[in-house]
Amino acid sequence: MRIGVIGAGHVGLVTGVAMASLGHEVVVSDADETKVESMRTGTPPFFEAGLSALMRTQIEQRRVSFSVSSRESVAGAAIVFICVGRPSDGISDTSLSAVEEVAREVASEASDGVVVAEKSTVPPGTADRLRTTIERERPELRFSVVSNPEFLREGHAIDDTLRPTRVVIGADDEHGREIMEELYAPIVQGGSPIIVTDVRSAELAKLASNAFLATKISFANALARVAELSGADVEHVADVMGSDPRIGRAFLGAGLGYGGYCLPKDVVSLERFSERHGYTFSILEVTSRVNEEAVAHVTDKVREAMWNLEGKRIGLLGLAFKSETDDVRASPALELARRLIAEKASVVAHDPMASDRARAEMPDLETVDDPYAAASGANCVVICTDWDEYRGLDLNRLRVEMAYPIVVDGRNVFDPDEMRTAGISYFSIGRPSIET
Ligand code: UDX
């Protein structure tokens, strides 16, 4: 099939390259000329494991090309994926102008029978607005608008696209459903279940999935506070809870909380969408509040461990919002760095991939290329991102590098007993402290 993808972010670029690898002819467009030039050389504008190699193969086989013109993506396409990002609030009419603008561009070039597929996470009802906009521009055009939400996680995006836990198609007409089922047939044959619903249910299900994942994390963080106050270990509590298949262990990890481009925004989007429709989704307000408190709680732990922060040297390990990505959007690690610097601490940070992007957000942030350099002479080291590299640190060397052997673990990466053996005072989230 000829497929167009509009928007070359984490979702659009991965979707386009993955669909090309299934044998389709794909044109990915993005308004950012620098990004397009970079992609034409097989270089993704962000890190995603395996993406560069897959891109280069598809470029060599001339199955994917890149353009600044969305019209090129649309011309002759059987399916056009809309993968444009949503500005901050993600819900109000103004914030969906990017999607509406794309609808007009689609309308101007679309071929008869085109299926317009919403891939970006959008408020329920967006497909109706897309449909109205296209009808107004091209009354004679026969087309379908479907919802095809992605559930990809950064760091696992290709796998989550080619081997998703489920394919979701929201379609209100036979044509849209048939074309999308044809597209996803090889993935369904590969073992991924497919769920076909109406468009609005698919749109709401995507928002609800992310909001629920965020709520699960905030539940774990609230539980961690109770564990700390009652002498329990939240990791053991989560293990017991998670052993119930109705609950599941994933996303019960207490720590600095959730960040990234999706979860924070989708919680707010669903909350505001509900409010606009007359329902106060109060659980989500608490989900966001507990998440904000999570960073304040780690800040308090660092301050308590240091007695006061002014003039203290603090080494942060991790800047990305999670491991296996260079993405720092809404990263709790950066929020923690800002709070420590605001209290006049001297902060030096390490991250295996995200230092450049972190400094683009915080130009004054001192970063180093080696985790032990971040610990050198530090009064305290704080784990902010769950990189495997940190799990493998030589704790004896870490202790020797530091001015004071104190670690605050914002992602519960370490085993407290290992810290006790290494002679390091250890403060983590929801677990008893180790004071040496
Ligand atoms: C998320 C959803 O998982 C994915 O399905 C959706 O398509 C896009 O949004 P992503 O934003 O890549 O994916 O990150 P995710 O792996 O969900 O982690 C989100 C945040 O939650 C990270 O900051 C992570 O550190 C944090 N997290 C995750 C926790 O704090 N505790 C946990 O137990 C799990």
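In this predicted model, helix α1 (residues 10–21) and helix α3 (residues 51–60) have axes that come within 9 Å and cross at roughly 50°. That angle makes α1 oblique to α3; angles under 35 degrees count as roughly parallel, over 145 as roughly antiparallel, 65 to 115 as roughly perpendicular, and the rest as oblique. Here an axis is a line fitted to C-alpha atoms, for helices over the stretch in contact, and angles run from 0 to 180 degrees between N-to-C directions. Helices (H or I, at least four residues) and strands (E, at least two) are DSSP runs, numbered from the N terminus. The crossing of α1 and α3 is left-handed, a label used if the near helix is turned anticlockwise from the far one by less than a right angle, with right-handed used if clockwise. On the α1 side the contact is made by L13, V14, V17, A20 and S21, and on the α3 side by L51, L54, M55 and Q58, where contact means heavy atoms within 4.5 Å. By class, this contact of α1 with α3 has seven nonpolar, two polar and no charged residues. Ala, Val, Leu, Ile, Met, Phe, Trp, Tyr, Cys and Pro count as nonpolar, Asp, Glu, Lys and Arg as charged, and the others, Gly among them, as polar.

As for the bookkeeping, residues are numbered from 1 along each chain as its sequence is written. Local features need pLDDT of at least 70, side-chain atom pairs count only at pLDDT 80 or more, totals for chains, interfaces and linings use all residues, and side-chain values use heavy atoms, with hydrogens and water left out.

Next come helix α5 (residues 97–109) and helix α6 (residues 126–137), whose axes come within 9 Å and cross at roughly 40°. The two are therefore oblique to each other, and their crossing is right-handed. From α5, residues V99, E100, A103, R104, V106 and A107 meet T126, R129, L130, T133, I134 and E137 of α6. The residues of this contact divide into six nonpolar, two polar and four charged.

Strand β5 (residues 114–118) runs parallel to β6, and the two pair over five bridges; strands pair if DSSP finds at least two bridges between them. Five of the five residues of strand β6 (residues 143–147) are buried, so β6 is largely enclosed by the rest of the structure. Buried means under 20% relative accessible area, exposed over 50%, and partly exposed in between (1.4 Å probe, protein chains only). F143, V145 and S147 point one way from β6, while S144 and V146 point the other way.

α12 passes α13 in a right-handed crossing. Residues E292, V295, A296, V298, T299 and V302 in α12 meet P332, E335, L336, R339 and L340 in α13. Seven nonpolar, one polar and three charged residues make up this contact of α12 with α13.

Finally, six strands form an open sheet with parallel pairing, in the order β11-β10-β9-β12-β13-β14. β11 (366–368) and β14 (425–428) stand at the edges, each with a single partner strand, so one side of each is left without a neighbour in the sheet. The twist averages 25° from one strand to the next. Within the sheet, three bridges join the parallel strands β12 (residues 380–383) and β13 (residues 406–409), and I383 stands opposite D409 in β13. Helix α13 packs on the sheet, touching β9 (313–317), β10 (346–350) and β12, and its direction makes about 175° with that of β9.
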